[in-house]
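Subject: Structure handover

Hello,

Here is the structure for you to look at. Please open it before reading on.

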Amino acid sequence: MLVVRPAGPSDLDHLLELAILSGPGFTSLPEDPDQLAQRLDLSRDSFSGTIEPQERWYTLMLEESDTGDVDGVGSVKAAVGLKRPFFSFRVVNHTQSSPSLGIRLDQKTLVLVNECTGWSEVGSLFLKADRRKGGAGRLLSQSRYMLIGAEPELFADTVLAELRGVFTPDGACPFWDHVAHKFFPMEFEEADRMTGSTDKQFILDLAPRHPIYIELLPEPARAVIGKVHPQGVPAMALLESEGFRPNGLVDIFDAGPTVCCDRDNIRTVRDARRLTAVLADEVESELPALISTDHVHDFRAVRQRALVEGDTVIIARDTADALRVKAGDIVRVKS
């Protein structure tokens, strides 16, 4: 059975393997054991509630319970931009006209902004290639919203997600090569690493202080602004199905899009119900449901058969074992 569970320090080898498989441009999964170890310590402290709510970064693992294999990762940051700026480019439209010539021009520019301070962020969604079918991706993605819905007061009113921008098959990034690299004279990997491990002062020091006119950029750079990496297309579709929409912001290094949604309007947060668990040897239901615990500290999620009857939900005993719940406990269910 596939189970989504909290990540902790013992998951370092698993997380490093996923980071290596994720490839370039996945800022939240650096191929750096020290950074990943710090992140797993932070995840442990976040789930245990030993740090302030706004400092928490919950990391989730997708595990096959029978084998112990870890096949995917996802995460929720309680708040971004509080201790380190959260920089983006905003795509701004400027209209110019000459009535005497009868000419009107709409010019788009990129403007450096820091607009998302305090928002929550869902991210780090990555699965091994052989797990990207059969609903595993949807389970892992939706589990993040079940986590938010379990204790919504721990998260911000607005939730965002950043998607990786376009890279060529040989690992080149058109936007970086033609635009960002002009301001950050270093390798993409170095800038990516510094974004995750420093206070980002280097961005404030070196980033363009004036609007960049998109029409003046080389065509390969223009073509990828706001576009998603091919591997991120399924993730984008999942986000859109939950109600996330582009908000006009793009990443300053690869120009991947940012999407956002009001926390309480995320479909899984809004539609999941708190029900009392009833255990049975068999469940007379053909349709699986998304089921999770109702607290952050002991969070677990599965997709298994469930039968809703009023304010109760009948689940199989092995499902209850996977969730570590017993009869009479409250669980959250999204049909």
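Predicted model: local features only at pLDDT ≥ 70, side-chain atom pairs only at ≥ 80, totals over all residues.

Residues are numbered from 1 along each chain as its sequence is written, and side-chain values use heavy atoms, with hydrogens and water left out.

Cores

A nonpolar core is a set of buried Ala, Val, Leu, Ile, Met, Phe, Trp, Tyr and Cys residues joined through side-chain atoms within 4.5 Å. Buried means under 20% relative accessible area, exposed means over 50%, and partly exposed is in between (1.4 Å probe, protein chains only). The largest nonpolar core has 36 residues, and L62, V122, L147, L239 and F244 have the most contacts inside it. At least two residues of this core come from each of β1 (2-6), β2 (57-64), β6 (120-127), α3 (136-150), β7 (158-162), α8 (233-242) and β10 (257-262). The largest share, seven residues, is supplied by α3. Helices (H or I, at least four residues) and strands (E, at least two) are DSSP runs, numbered from the N terminus. There is also a second, separate core of 28 residues, which includes L110, V166, W176 and I214.

What does V122 touch? Not counting residues up to four places away in sequence, its partners include S75, V76, R144, Y145, I148, L239 and F244. Contact here means heavy atoms within 4.5 Å.

Strand β6

L127 is found in strand β6 and is buried, with a relative accessible area of 8%. Leaving aside neighbours within four places in sequence, L127 is in contact with L62, D71, G72, R132, A136, G137 and L140. The C-alpha atoms of L127 and R44 are separated by 21 Å, and the two residues are 83 residues apart along the chain.

S124 is also placed in strand β6. S124 is not a glycine, yet has a positive phi of about 60°. At 5% relative accessibility, S124 counts as buried.

A255 has a positive phi too, about 65°, and is not a glycine either. A255 lies in the loop between β9 (245-250) and β10, and is buried at a relative accessible area of 0%.

Cysteines

A disulfide is a covalent bond between the sulfur atoms of two cysteines. The cut-off used is a pair of cysteine sulfur atoms within 2.5 Å. How many disulfides does the structure hold? It holds zero. For C173, the nearest cysteine sulfur is that of C116, 20 Å away. C173 counts as buried, at 3% relative accessibility. C261 counts as buried at 9% relative accessibility.

Second largest pocket

A pocket is found on a 1 Å grid over the protein atoms alone, as an open set of points where a 1.4 Å probe fits, with protein on both sides within 12 Å along at least five of seven lines; lining residues have an atom within 4 Å of a point. The second largest pocket holds about 240 Å³ of space. Of its 14 lining residues, L29, P30, E31, E189 and D192 lie nearest its centre. Helix α5 (residues 188-197) gives the largest share of the lining, four residues.

Regards

How values were computed
Points joined across faces, edges and corners; volume = space filled by probe spheres on them.
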